[in-house]
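Biologist: I'd like to learn how to read a strand and a ligand shell. Could you walk me through it?

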Amino acid sequence: MPEVGNLSNNQGETDSSPLNQAHLAKLLEQHLRSLQVAGLTHLPKNLDESNLDLSQLLTSPDTTASLPATATNPDNSSTKNYAAPQHTRSANEINEAPQSNYNETTNNAPATPTIIPPTDFSESNRLPLEQRQAALNVLQSEISQCTKCSDLAGQRTQTVFGVGAPNARLVFVGEAPGADEDRIGEPFVGEAGKLLDKILTACKLERENIFILNTIKCRPPQNRNPSQNELSNCWGYAERQLEIIQPEFICCLGSVAARTLLKTTQSLGKLRKQFHSYRGSRVLVTYHPAYLLRTPSAKRHVWEDMKMLMKEMGVELSN
Ligand code: SF4
């Protein structure tokens, strides 16, 4: 692997311009991701200080000098980990996010400052489409066998992996499958799903061009909220999905998704109306469609949020 701190041309001249370093970083990241999808999970951690900038480009803000997908398998099986998350949350971390029943009104702590690093989401800088699809297929197969939550695994009809485009610019993250989702095997196909479809139509979005997934993949009985243990068990799968898809935008539907993804305890009301950052993706938080079914007056807030998101994505909407 070439020395990356300083770039030398054929004449032995050194070019350490940011442009060349950024270009090399892109190429190297593509190469690493290809190796990762092929099964490579670790690199020797012997990068010296002169390479620190590049290693930061290749990893998430909260990782050390490792591949973007340092292997961490949520179910601790020996299964090969394809496109594993950069950082799988510990039980303690996930326990910091309290569960929610779509009640979004309590925490008045000040909002977390939004720091959004510049990220290049051009196709040339992303994992090739076929590799993303292949990695998602492997992950879906792995999840379908998961029995970490014995209560859920024993009662589910099937796991609900998620659906959509492997190269989606926008990923919606919901909470958990309901009865209809458990029966059909797709997220958001019940009444809340019909409302989400209306929201998508109003935003000129189509399901086949986005990706929809849930925070956990099995239906909690009686549609109860996921327990902290279930979130801890399952969130790593969603992290891996997001790692593979590499979306430019993420929309968290409801406080369970928002608090889990953003690792915060803040109320949904505090998290709305601003863009957050998740591993380079821009994150917007809004209400869950199930909450809107019970609280129709909140629909106007969702519309405000979606207009904000669409504007950022360059989609023109009528008022
Ligand atoms: S909820 Fe997730 S971790 Fe728990 S059994 Fe289902 S797939 Fe496995």
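Modeller: Gladly! A residue is buried if 20 or more other C-beta atoms lie within 10 Å of its own, exposed if 12 or fewer, and partly exposed in between, with C-beta atoms placed from the backbone. Helices (H or I, at least four residues) and strands (E, at least two) are DSSP runs, numbered from the N terminus. This is a predicted model: local features need pLDDT of at least 70, side-chain atom pairs count only at pLDDT 80 or more, and totals for chains, interfaces and linings use all residues. Residues are numbered from 1 along each chain as its sequence is written.

Biologist: Which residues point each way from β8?

Modeller: S281, V283 and V285 point one way, R282, L284 and T286 the other, and all are buried.

Biologist: In which sense do β6 and β7 pair with β8?

Modeller: Two strands pair if DSSP finds at least two bridges between them. Here β6 (residues 249-253) pairs with β8 in the parallel sense over five bridges, with L253 opposite T286. Strand β7 (residues 276-278) pairs with β8 in the antiparallel sense over three bridges, and Y278 stands opposite S281. The hairpin of β7 and β8 has two residues between the strands, and R279 takes a positive phi near 50 degrees there.

Biologist: And how many residues surround the ligand?

Modeller: A residue counts as near a molecule if its C-beta atom, placed from the backbone, lies within 6 Å of it. For this ligand there are 14, the closest being C146, C149, C218, N233 and C234.

Biologist: Which helix gives the most to that shell?

Modeller: α8 does, with three residues.
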